[in-house]
Amino acid sequence: YLNTLVEHLQLDNHSARKVLLGFSQGVATASRWLHATSHVVDHFVICSGEVAHELQEQPSARLLAVPKTYITGDNDPFIDAEKHQRYTQLMNNWAARVLVFEGGHQLHLPSLQQVNV
């Protein structure tokens, strides 16, 4: 479906930068699509969710090559302290920018505005 959407919108024909944003459970879907697609993605924004587990263990070169920003709340009920520490380390290993805001499980506009694309 995502490939069809990109093709329908003719996004590959535009010079604008393409930002893939996944929120919550959508991060897993977005990461799988980024791993599998040949379409251009200039930046991957990971909000309050996790990259697909199979890709955490064996990330593709494509997934590692795309610049990433990880945004999470410091009081997200779905991310306990252990998961936060583990996932922040993973994102650091992948050279992702990590932004932590005061708040819960949400899209945080001030953090999104800090994404450099």
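This is a predicted model: local features need pLDDT of at least 70, side-chain atom pairs count only at pLDDT 80 or more; totals for chains, interfaces and linings use all residues.

1. A term is needed before anything else. A residue is called buried under 20% relative accessible area and exposed over 50%, with partly exposed in between. R32 has a relative accessibility of 40%, so R32 counts as partly exposed.

2. Overall form. The chain has 6 helices and 4 strands. Read from the N terminus, the order of elements is α-β-α-β-α-α-β-α-β-α. The radius of gyration is 14 Å, close to the 13 Å that the globule rule gives for 117 residues, so the chain is as compact as a globular protein of that length. Along the principal axes, the C-alpha atoms fill a box of roughly 40 × 30 × 25 Å.

3. Of the 117 residues in the chain, 42% are buried. Among contacts with a separation of 6 or more, 65% are between residues 24 or more positions apart. The chain exposes about 6,900 Å², and carbon and sulfur atoms supply 51% of that area.

4. In soluble globular proteins, nonpolar side chains tend to be buried together. Here the largest nonpolar core has 22 residues, and F44, I46, V51 and M91 are those with the most contacts inside it. Two or more residues each are given to this core by α2 (26-36), β2 (43-47) and α5 (81-93). The largest share, 5 residues, comes from α2.

5. V51. Which residues does V51 touch, not counting those up to four places away in sequence? The list is V27, A28, S31, F44, I46, Q56, L63, Y87, M91 and W94. Of these, V27, A28 and S31 are also among the buried residues of α2.

6. Helix α2. Its buried residues are V27, A28, A30, S31, W33 and L34. The cover over them includes α1, β1 (19-23), β2, α3 (53-57) and α4 (61-65).

7. Charged pairs. Side chains of opposite charge can pair when their charged atoms come close. The count of salt bridges comes to 3. One of them joins the side chains of R32 and E54, at 2.7 Å from N to O. This pair links distant parts of the chain, with R32 in helix α2 and E54 in helix α3, 22 residues apart. E54, at 38% relative accessibility, counts as partly exposed.

8. The bridges of E50. E50 forms a salt bridge with K83, where the closest N and O atoms are 3.0 Å apart. E50 is in the loop between β2 and α3, K83 is in helix α5, and the two are 33 residues apart. R86 also forms a salt bridge with E50, its closest N and O atoms being 3.5 Å apart. R86 is in helix α5 and is 36 residues from E50. Through shared partners, salt bridges join E50, K83 and R86 into one network.

9. Is E50 buried or exposed? E50 has a relative accessible area of 16%, so E50 is buried. K83 counts as partly exposed at 27% relative accessibility, and R86 is partly exposed at 40%.

10. T88. This residue is found in helix α5. T88 is buried, with a relative accessible area of 16%. Leaving out residues up to four places away in sequence, T88 touches Y70 and V98.

11. Q106. The position of Q106 is in the loop between β4 (97-101) and α6 (109-112). Q106 has a relative accessibility of 34% and counts as partly exposed. Beyond its neighbours within four places in sequence, Q106 is in contact with F23, S48 and F101. From C-alpha to C-alpha, Q106 and G73 are 7.5 Å apart, although 33 residues separate them in sequence.

12. Y1, L5 and L9 make a nonpolar surface patch of about 350 Å². Y1 is in the segment before α1 (2-9) and is exposed, with a relative accessible area of 75%.

Notes: Residues are numbered from 1 along each chain as its sequence is written. Side-chain values use heavy atoms; hydrogens and water are left out. Patches are made of residues with over 30% relative accessible area and no salt bridge: like charges are joined within 9 Å, nonpolar side chains (Val, Leu, Ile, Met, Phe, Trp, Tyr) within 5 Å. Accessible areas come from the Shrake-Rupley method with a 1.4 Å probe; for residues, only the protein chains shown count as cover. A salt bridge is a side-chain nitrogen of Lys or Arg within 4 Å of a carboxyl oxygen of Asp or Glu. Buried means under 20% relative accessible area, exposed over 50%, partly exposed in between (1.4 Å probe, protein chains only). A nonpolar core is a set of buried Ala, Val, Leu, Ile, Met, Phe, Trp, Tyr and Cys residues joined through side-chain atoms within 4.5 Å. Contact means heavy atoms within 4.5 Å. The radius of gyration is taken over C-alpha atoms; the globule rule is 2.2 Å times the number of residues to the power 0.38.
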